[in-house]
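Please look over the following model before reading on.

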Amino acid sequence: MIWFAALRTAIDAGTVVVLAGMGELLTERVGVLNLGLEGLIGIGAVAAVIATDLGMGPWTAFVVGMLAAALFGFLFASSVVVIRTNQVLTGLALVLVGVGLSNQLGNDYQGSPIQDRFRPLPIPVLADIPQVGPALFNHTLVVYVAYVALPLGVAFLLYRTRHGMNLRAVGENPAAADAAGINVTGMRLCYATIGASFAGAGGAFLMLAFTPVWAVDVARGRGWVALAVVIFAAWRPFRLVFGALLFGAMISLGFIAQQQNWGVSSFVLSMLPYVVTLTLIVVPAALARFGIRARSTVAPGSLAQPYFREER
Amino acid sequence: MSAARWAGTEGRRLRLERRLLANPRRAAILRVIGAAVALLVSGLILELTGRSAPFLAGEVVDSTFGSRFGLEETALIATPILLAAIAVAIPLRMRLWNIGVEGQFYMGAWASAGVGIFLDAPRPVLLISMAAAGALGGAAWILLPAIARAWWGVNEIITTLLLNFVAILWVGWFSIDIWRDRAAAVIQATPLVGATLPTFPGATILHVGFVLPFVLAVVFWYVFRGTRWGYEVDMAGGNPRAAEFAGINVRRRIVTVMLLSGAIGGLAGMVHLSGATFRLQQTISSSYGLSGFIVAALAGASFIGVVAGGVFIALLLHSGIALQGAGLSVYIVVAVYGLVLVGIAVGEVAARYRLVFGSPARAGSPAEERAPP
Amino acid sequence: MSPSLTLPDHGSDDAPEPDVDGLGRVVIRARGISKSFDETLALDDVDLELRAGEVHALLGENGAGKTTLSNVIAGIYRADRGSVEVDGTEHHFRSPSQAIAAGIGMVHQQFRLIQPMTVAENVHLGWHDTPSVVSRKVLVDRTMRLMDELSIHIDPTAQIWQLSVGEQQRVEILRTLARGARVLILDEPTAVLTAEQARELFGVMRSLVAGGRTVVFISHKLKEVLEVSDRITVLRAGRHMVTRYTAGATPHELAVLMTGDHSELRVRRGAARSEQPLLEIDGVSALSSRGLPALRDVTLGVYGGEIVGVAGVSGNGQTELAEVVTGLRRTESGTIRIDRTDVTDQSPRSFAEAHVGHIPEDRLGVALVRSAQVRDNAVLRQYRRPEFSTWYALRHGSIAEFARRLVAAARVQTPGIDTPTGFLSGGNQQRLVAGREAGVASRVFIASQPTRGLDVQSTGDVQRSIIDRRDAGCAVLLISDDLDEVLLMSDRVVVMYEGRIVGSFEGEEVDRRRIGLLMGGHLGEDDGRGTGE
C-alpha cells in the first residue's frame, strides 16, 4: 500500500527535475552549459508566488514563472553566446543572482500558503484502477505533460524534424552548422532561453502543486541534481525522465523511512538523493573506461565552448 | 616599402581586434574594473528601490573601518575565505574547478572536531592533530571526484558540488544529533573542542590562524614560480598532451593538485572551528567556500590577486552583515555577489579585445600564416 | 515532401557557347579583391575570371592567398575592396548562404561535417529543401536519389566518423552540388587522397564541367594541376601573377611564378653513415587510436648521418610510426632500439633522455603549451636536467640563457622570451619546436610533417635544422606527405602503405613514378615489400 503512495510521491518529487532537466538538455544540445538552474527554479517559484498574491490564477502564475525565468535565461544567454563570457562563471553568477533575488522577494511570503493551486486531474477510468490508479493517474496536468508529452515532444523535435537536426548540428559542430547556413547564435540564444524557462516552470510547479509555501532556498539543490541527471541521461529525453524518477524515488524513500520509523536519521535520508545521483554519473564513466559502454555517452561536441565565427 | 604601398589608399582604421590570449596583467585589471562596475550598478539598483546607497556605503565604512572590533570581525571572516580561495586557486592553474571547497571545509571541520572533542592531549599536540585531521578530512572528501576526473573524465564541478550537499548534511547530522552537546540544552551544536587557537595579543576575537592564508599564499606563489612541480602543473594545465610529451604524468598531477586543494579546504574548516566558532555547528560556514571560489575566479589563479580579492570579498561580506542592521537582507548581498561575478566574467572577455589603429602589413611577411587558411 | 529533386537553376542553363578556346561564357568575374586580417594583407588587388565548363586551377604556395580568395568568392569572407560579379550581376555576399543561393559552393580542406550524424543527415543539413518533418527513411531515400543524379555514391546511413577521408570528401561535394552549385571550389582536395582516389576525383571533376559547371581546383601540386585543369591562375604573396591556359605550361615555369625563386634548396649529401643503425625498428606492430591495426610488422633501420624519408599519403601508419619511436604510443609487438638499447614502450621522457628529438605532427596539440611563455616551452623537454632545476627550485637564470640562445639559433621571431607562445606565428612556433627538438636530439631525430602549413622562410629554416642534425651524425627519420620534400631531403626513401613498408629506394633508384604508385597501393612485380633495411 505504502509503495504506491511512495510511487506517487516519487513522481511528484521528480517533476521539478524533469522540467529543469529537459530544459537543460535542450540548452546543452545546442552547446551551452547553464549551471544556473538552481537560481532559475527560485525565480520561477517566487514569480509564481507573487503572481498568485496579485490575484492571478494558478495557470497564469505558472506562465509568469516561466516568463520570469525566461528573462533571466535570456540575459544569461546573451552574456554567454554574444559577449562570450565564461559559461561556468556566468552560470554560477546566475545561481547567486537567482537565489539571492528570489529569497529576498519571497521573504514576505514565508509561511502563507498559496490557496489557489493546481488540482490533481484524474484520468477517467485509469484513475480508478485499485492501487495503481491513484499513484499514476491522479496527478496535476503539469505532471502528465512533464513525464509524457515533454519527452515525446523533445524527442520528436530533436530526431524527427529538420529544425531539430539543425539544433543538434549546432551543438556538435557550430562551425559546420554555420557553414551550412544555420544561424548558430540565434539557435543558442533561443534554446538557452527556452531551457531556462523550463527551469522556471519547475519552480512555479513547486509552488503551485508540490510545496505551496515559500521557504528559503526553495529549490533545495534540485537544480544541481537536474544538471547531473542530464549527464546521466546522456542527453536523451527518455533516459532523463528515468533519471528524474530515480531521484524522486530517493526522496520518497526518505519520507517513508521517516513515517515508518525505520530509525534512519533524516539527515542520512536527505543525503541519499545526492549520493545516488553522484553514483549515476560516476559509475557509467568508470565502466566505460573498462570497456563496458552502454551506448554513446559523448557530450555534444561543442558543449560550453563559445563559438567564434572566423572573421568576415 | 609598406608606407609607400599604402600611400593614397584609405588611411588608418580603428578596429576591434580579438586575440587568442590575453595579457595576464591586463586581464586582472579588467576583471577588477568589471567587479567595480557591477558594484556600481548594484548601488544604482538599490537607490532605485528606495534604499539610499550613499547611506548604506557610509554604514559599511563605519561598521568595518570605524571600529577595531569591526576590523577584527572582517579579518575573522577573511581567514576562511582566503584559505578557501587559495584552495581553489591551486587546481585552477590546471583549469580544474573545485567548487566543492565548501564541502571540504565542512568535512575538515568535522574531522578536526572529532579529534578535538574526543582526544585528550596537551594543547599544542591537540591543535596539530586537529589540523592534520582537518587536512585529511578535506582531502578524503575530494578523493572520489579527483579520481573520477583524472581517470574517467567526469566533470569535477558536478561531482564536487553534489558532495557539498552531502557534507553539509553530514555535519548537521553530527552536530545536531550524534555529537550534540546535551549539557547545554539550547545550543544545537557539539561541545567545545578541547583546544582553540590563541588570539593575537591585544585582540579580542582575532586568532592567530589569520596569518596562515598569507603564509600559504607566499608559499604557493613561490611554488608556482620557482619549483619544478609548479612548472609541471602549469604546463599540464596549459596543454595536457604537450605535458605528457614532456614526460609529465598529467593524471597524477590532477589528483595531487585536487587533493592538495581539498586538504587546504579542510584545513580552513579546522582553523575556523578552532579559532572562531569553537563548536561544530551546522552553520559553521557562511558560504566561505563559495566566496573563496569567487575570489579565486577574480584573481585568475594569481596568489597576490587571491589575497587582494579575498580581503575585498571579506569586506563585502562583512558589509552585508552590517547592512542587515540597516535593513538590508543578506539575500541582496548574495545577488550582488552574482552581479560581481558577471562583471568579472565580462572583464575577462574584454581583456582579449583591443582597439587598434593600423594599416595592414604586406602578405608574405613572417606573420602571414596567422591568417586563417 | 518535395516531388522531385531536380537541382535548382541559376541563370540560363543552355549549352555554353563555345568560344575559340572551347570554354563557355564568363560566369564569375572578381575584380580588384583585397583582404587583410589583423595587420596582414592576404590579398592585394586580385582579379579572377571563371568560365563555364572549365576546370580552373588556383596555384600557389602556402599563404599565397588561394584559399582566402576562394573564401571571398564563396561568401565566407568579405573583401575589403573589390567586387564579385556572377553572371554579370555584382554581388556582395555577406554569408555563405547568399553565395550558395547564387550558385557558388566550396568544399574546404577541413570538412564541415557533423561526425556523429549520418551521410543523409549531413547532406540535408541547413537546406531549405529538406522537409520540416523527416524520418530516417525519407532522408535516406532523398539522398540516394541525389546520388544517382550526380553519380556520386556512398552509403547514406553511415555516420561520418566511420567513413574514409575520400568518402567524406565526396559527401561534402554531394552536399554542395545538391544545393545547386554551378561553381564548385575544391580546396586542396587531393591532400588527403591516394593517387588512385585523386584520379577518381579528377574524373568526377571532368564530368561536372562537361555538364556546364565550373570547378575551381586549389592546389600547390604542379603535376596534378597540369593534369586536370584547363586554365591556371598563379598567386604569390597575395598578388595575382598570371592566368594562362594549361596547354603548353611547364612545371618549371609555374614553380618560378609560384615561388619567385629560381634556386632550389640544394641538399649536400652529408658525412658518411655510422657503422650500426642508431634507430632500429624491428617487427613493430601497433594499433591506431581507434583500435585498428596501424602498423603491421614494420622493420626499418636508420643509420647515423642519414635522412630516411617516409613517403606515403597521410593515414597509412606514419603518425603511429612517429609515435611508437618517441614513446607516445605502445607497440603490440616488436622492439625498438636506440643505439642498441631496447627502448620499446618507454615513456616520452625516457626517449628524450635517450636523446631522441621529435617534431610532432600536431605542433599546437602536442609540442607546445600555447599559454606558456616562450622560455617555458623552450625548456619543456629538458627542464629536469640539473642545470635547469633541482628538486626544489628552477634555475631561472640558466633557463633564460638557454631560451635566448635557442631563439637566436632557430631564428624565432618573437618580442621576447617571456611572450606567450600563442602570440607567435605558426612558422615561428615551428622554428621554436624544431630548434628545441634539434637540441634534444643527439642520436635520433624524428620529424613528422615538419613544414606543413608553413611559409617559405620558415620551411627553409626548419629543413635546415633537420639537415644540420643529419650532418651532426644523427639518424633522421623524416615523415612527410609532401613527396617533393621527401625527395629533396632524403638519402633513402621508404614508402608506407596501409601500415607496411612497401618499398625502399636509395640514391639513383629513386623513381618518382614508382614511389607514387606504391603510395597508392600499386605494388608492382618486384616491389620491396616488408623490409626497408
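In this predicted model, the largest nonpolar core has 381 residues, of which Ile86(B) and Leu341(B) touch the most other members. A nonpolar core is a set of buried Ala, Val, Leu, Ile, Met, Phe, Trp, Tyr and Cys residues joined through C-beta atoms within 7 Å, and a residue is buried if 20 or more other C-beta atoms, placed from the backbone, lie within 10 Å of its own.

**The core and the domains**

- Helix 9 (residues 184-210) of chain A gives the largest share of this core, 15 residues, where helices are DSSP runs (H or I) of at least four residues, numbered from the N terminus.
- Domain 1 (26-259) and domain 2 (277-532) of chain C both contribute residues, so the core lies between them; the bounds come from an automatic or database domain assignment.
- The C-alpha centres of domain 1 and domain 2 of chain C are 33 Å apart.
- Beyond its neighbours within four places in sequence, Ile86(B) is in contact (C-beta atoms within 7 Å) with residues including Pro213(B), Phe220(B) and Val306(B).

**A helix pair in chain A**

- Helix 6 (residues 141-160) of chain A packs against helix 11 (residues 237-259) of chain A at about 150°, with axes 8 Å apart, the axes being lines fitted to C-alpha atoms over the stretch in contact and the angles running from 0 to 180 degrees between N-to-C directions.
- This makes helix 6 of chain A roughly antiparallel to helix 11 of chain A, a term for angles over 145 degrees.

**Conventions**

- Residues are numbered from 1 along each chain as its sequence is written, and chains are lettered from A in the order in which they are written.
- Local features need pLDDT of at least 70 and side-chain atom pairs count only at pLDDT 80 or more, whereas totals for chains, interfaces and linings use all residues.

Terms used: Buried ≥ 20, exposed ≤ 12 C-beta atoms within 10 Å, placed from the backbone. Helix = DSSP H or I, 4+ residues; strand = E, 2+ residues; numbered from the N terminus. Contact = placed C-beta atoms within 7 Å. Parallel < 35°, antiparallel > 145°, perpendicular 65-115°, else oblique.
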